[in-house]
Amino acid sequence: MPMPLDDIDRRILRELQKNGRLQNIELAKRVGLSPSPCLRRVKLLEEAGIISRYVAVVDQAKVGLRLSMFARISLTAQDAETIDHFIAAMKRLPEVVECYIMLGESDALLRVVVSDLEDYRRFQAANLTRRNGIQSVKTDVPSETIKQTFALPL
């Protein structure tokens, strides 16, 4: 069961989603608390797993990873062993930045980040194969990113 969140918890989470490096004093000021209770609330949110980790969001194009490709995957079978094998394989691939098991036409959806189309072709040929439980791959190439956020609507 999810931990109940009050207005202040939600304000804390909204501020930390904007800037996870906020100092506690500044965070407390922004959410209307003194520093000690603010820090206590942040620690409770961390302990409850609501704040699972802090990360730096890197601009993929500025590090040479210009393309995000979406791969719709059909697996060779629907049994637990095939799915578990596929999941383990995808977790090992740094190019796979998102992986979802799907209900519907595809069995899985991947977001793969690469430098260019040739890099994706090599990645697909080496990794999106039957040995990883994959029957077929249909790749979608976005032409423009309109919105990309990691902030949840709290």
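A salt bridge is a side-chain nitrogen of Lys or Arg within 4 Å of a carboxyl oxygen of Asp or Glu. In this predicted model, Glu-118 and Arg-122 form such a pair, their closest N and O atoms being 3.5 Å apart.

Arg-122 has another partner in Asp-119, and here the side chains meet in a salt bridge of 3.8 Å, N to O. Asp-119 and Arg-122 are three residues apart in helix α5, again about one turn of the helix. With a relative accessibility of 23%, Asp-119 counts as partly exposed, since that category begins where buried, under 20%, ends.

Salt bridges that share partners also join Glu-15, Lys-18, Glu-26, Lys-29 and Arg-30 into one network. Within this network, Glu-26 and Lys-29 can be looked at one by one. Their side chains meet in a salt bridge of 3.8 Å, N to O. The two residues are about one helical turn from each other because they stand three residues apart in helix α2, residues 24-31. Glu-26, at 28% relative accessibility, is partly exposed, whereas Lys-29, at 60%, is exposed, the cut-off for exposed being over 50%. Across the whole structure, the salt bridges number 12.

The largest pocket holds about 1600 Å³ of space. Its lining is made up of 36 residues, and those nearest its centre are Arg-53, Val-55, Val-57, Thr-149 and Phe-150. Helix α1 and the strands β1 (67-75), β2 (96-101) and β3 (108-114) are the elements that give two or more residues to this lining. By residue type, the lining of the largest pocket divides into 21 nonpolar, nine polar and six charged residues. Arg-53, one of the residues nearest the centre, falls in the charged class, because Asp, Glu, Lys and Arg count as charged. Val-55, Val-57 and Phe-150, also among those nearest the centre, are of types that count as nonpolar.

On the surface, Met-3, Leu-44 and Ile-50 form a nonpolar patch, and together they have about 230 Å² of accessible area. Met-3 sits in the segment before α1, a helix that covers residues 7-18. Its relative accessibility is 33%, so Met-3 counts as partly exposed. That value also meets the requirement for patch residues, which is over 30% relative accessible area.

Thr-76 lies in the loop between β1 and α4, the latter running over residues 80-91. Its relative accessible area of 33% is why Thr-76 is described as partly exposed. Although Thr-76 and Arg-130 are 54 residues apart along the chain, their C-alpha atoms are separated by 7.2 Å. Gly-133 is found in the loop between α5 (117-127) and β4 (134-140). Because the relative accessible area of Gly-133 is 5%, this glycine is buried. Gly-133 and Ser-34 are 99 residues apart along the chain, and 53 Å separates their C-alpha atoms.

Technical notes
Residues are numbered from 1 along each chain as its sequence is written. This is a predicted model: local features need pLDDT of at least 70, side-chain atom pairs count only at pLDDT 80 or more; totals for chains, interfaces and linings use all residues. Side-chain values use heavy atoms; hydrogens and water are left out. Patches are made of residues with over 30% relative accessible area and no salt bridge: like charges are joined within 9 Å, nonpolar side chains (Val, Leu, Ile, Met, Phe, Trp, Tyr) within 5 Å. Accessible areas come from the Shrake-Rupley method with a 1.4 Å probe; for residues, only the protein chains shown count as cover. Helices (H or I, at least four residues) and strands (E, at least two) are DSSP runs, numbered from the N terminus. Buried means under 20% relative accessible area, exposed over 50%, partly exposed in between (1.4 Å probe, protein chains only). On a 1 Å grid over the protein atoms alone, a cavity is a set of points where a 1.4 Å probe fits but cannot get out, and a pocket is an open set with protein on both sides within 12 Å along at least five of seven lines; lining residues have an atom within 4 Å of a point. Grid points are joined across faces, edges and corners, and a volume is the space filled by probe spheres set on the points.
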